[in-house]
Amino acid sequence: MNKSKLDAFLNYIKSLKFTVFVVTLIVIIVPILAIGTIFLNVSTSKYYNNRLEEYKSNNVMLKNNIISSGYFDKKQSDAVNAQINLLSNEFDARIQIIDTANIIREDTKSSDIGHTSISKDVFKALKGKDVMEENSDLDYIEFSTPLIATVSTADGGSAKKTVGVLCTNYSTANISEYRNEVKRVVYIAFALGIIFALVVAGVCSKFFARPIRRVGEIIKDVKHRRGVEDLDEVKDCTEVKQILSDFNTMIDNFYAEQKKRDDFVSNVSHELKTPITSMKVLADSLVGQEGAPEELYQEFLEDISTEIERESQIINDLLDLVNTENIENEISISQVNINDVLESVLKTVKPIAEEKNIEVVYESFRPIIADVDELKFARVVTNLVENAIKYNKVDGTVTVSLNADHQYFFVKVQDTGIGISEEDQARVFERFFRVDKARARETGGSGLGLAITKEIVKKHHGSIGVHSKEDEGTTFTVRIPLKYIEE
């Protein structure tokens with residue numbers, strides 16, 4: 001067998017089709033074997049017991065007839081002889097009558113009449129014990145039954161006395177024949193059952209493997225499209241439709257992620273290119289102006305420096321976002337006083353707020369200790385508060401509140417700024433998304449701050465939401481568990 005045939009055979013052995021075939025075969029054959037074996041044993045045992053009871057009944061009737069006829073007191077008894085001949089012919093039995101001197105008085109199968117019997121079973125029977133011996137090799141069952149009669153005593157009374165032994169030897173050939181006949185029937189049933197099992201197993205294996213093969217065929221047909229267009233047209237079982245539905249969802253998610261990736265690459269290229277373009281325009285302007293005053297050079301160089309700083313911020317934010325999304329880059333959890341973190345962040349951003357005459361209000365309803373990465377959590381609060389200041393109105397207000405229940409703590413950052421339209425609220429956490437691109441250019445920033453914020457909150461097993469009305473303000477709400485549990 002070459003390698004390709006061996007691989008094909010091993011693949012078939014590992015296939016669902018072969019597994020279903022084997023399991024179905026076992027499920028059908030094992031009960032058939034068990035039932036057949038039980039039937040064989042029960043039927044032969046019942047037949048054997050019936051025959052045994054019949055033999056014993058015959059012995060009792062013959063014994064009673066021998067005793068009641070006074071067989072040993074007479075030389076012949078026509079009734080006894082007739083019964084002996086009947087049993088001998090009907091049951092293929094050898095019947096012997098032996099007296100107390102071990103002399104064979106009657107023997108239907110040999111010329112041993114008048115000879116002495118030396119059978120140990122006869123000696124036991126003469127002592128009043130019923131003996132049954134079964135010889136499976138010679139196919140017979142032998143009974144040695146004591147003949148006990150009531151005799152008169154010298155004092156005129158009566159007593160029980162063993163007057164002889166009845167030996168009956170029944171052939172068990174009919175029992176063996178019956179067992180062999182039942183065996184033949186059972187074996188035929190076994191053969192038919194195996195054939196039936198093979199057919200059913202083959203049908204079941206094809207039937208149960210067909211949906212999986214059908215799914216594979218459908219997926220091959222749609223691999224260059226966006227999934228199965230109409231599941232109602234798929235004429236198959238519910239499980240197949242569910243798999244195809246999940247496949248459609250996977251394909252949609254794949255294309256959605258691919259679009260996000262393409263948009264991300266496009267946005268990164270655009271964001272990185274914009275400062276470079278600005279710097280090139282400024283540099284070309286300087287190169288084209290010979291003898292330009294020093295003040296103009298100074299102004300252009302300051303603008304170039306600003307664009308370089310912007311480029312650097314975009315690159316740093318990109319690196320932060322990548323590191324935050326990296327699964328292997330775990331956060332460093334410790335017990336942190338959340339009140340102290342918020343106070344420290346607000347103290348840091350206070351100069352930015354004072355430039356626009358914005359009041360920053362801090363509300364803490366209780367002291368809170370929680371399991372967080374202190375540096376990354378501080379980054380979350382800083383991003384939210386800085387955005388609330390940047391996109392606020394002059395003389396506006398930023399309110400930061402802290403509260404908790406038995407399971408989570410909550411940080412709310414509320415401003416009185418320009419607000420966010422309802423359709424844009426679902427996109428504020430996308431990378432490079434800006435509500436007002438013109439205004440964003442004035443306030444600076446890379447457009448990655450909220451994306452980084454959301455990833456950090458997710459790392460803490462928390463959630464972040466936004467509620468806003470245009471020209472009224474925006475509220476960001478962060479919810480994080482008090483106890484961090486490793487997944």
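Is His461 buried, partly exposed or exposed? His461 is partly exposed, because its relative accessible area is 26%, which falls between the 20% and 50% limits. The close-ups below come from a predicted model, and this residue returns in the last of them.

**Close-up A. Helix α9 meets helix α12.**
Two packed helices are described by the angle between their axes and the distance between the axes. Here, the axes of α9 (residues 374-390) and α12 (residues 449-459) come within 9 Å and cross at roughly 145°. The crossing of α9 past α12 is left-handed. On the α9 side, look for Lys376, Arg379, Val380, Asn383, Leu384 and Asn387. Their partners in α12 are Gly449, Leu450, Ile452, Thr453, Ile456 and Val457. By residue class, this contact of α9 with α12 comprises six nonpolar, four polar and two charged residues.

**Close-up B. Strand β10 pairs with β9 and with β12.**
Begin with β9 (residues 397-404) and β10 (residues 408-415), an antiparallel pair with seven bridges. A hairpin of three residues connects β9 to β10. A handy landmark here is Phe410, opposite Arg479 in β12. As a reminder for reading such views, in a regular strand the side chains alternate between the two faces of the sheet.

Ser468 counts as buried because its relative accessible area is 7%, under the 20% cut-off. A polar atom of the Ser468 side chain lies 2.7 Å from the backbone nitrogen of Ile420. Leaving aside residues up to four places away in sequence, Ser468 touches Gly419, Ile420, Gln425, Gly473 and Thr474.

**Close-up D. Asn357 and His461 have positive phi angles.**
Asn357 is not a glycine, yet its phi is positive, at about 55°. Asn357 sits in the loop between α8 (338-355) and β7 (359-364). His461, also not a glycine, has a positive phi of about 65°. The loop that holds His461 runs between α12 and β11. That brings us back to the opening question: His461 is partly exposed, with a relative accessible area of 26%.

Methods: Residues numbered from 1 in each chain as written. Predicted model: local features only at pLDDT ≥ 70, side-chain atom pairs only at ≥ 80, totals over all residues. Heavy atoms only, no water. Axes fitted to C-alpha atoms, helices over the stretch in contact; angles between N-to-C directions. Helix = DSSP H or I, 4+ residues; strand = E, 2+ residues; numbered from the N terminus. Left-handed = near helix turned anticlockwise from the far one by under 90°. Contact = heavy atoms within 4.5 Å. Nonpolar A, V, L, I, M, F, W, Y, C, P; charged D, E, K, R; others polar. Pairing = 2+ DSSP bridges. Buried < 20%, exposed > 50% of the residue type's maximum accessible area, 1.4 Å probe, protein only. Polar contact = N/O pair within 3.5 Å; in protein donor to acceptor, adjacent residues only side chain to side chain.
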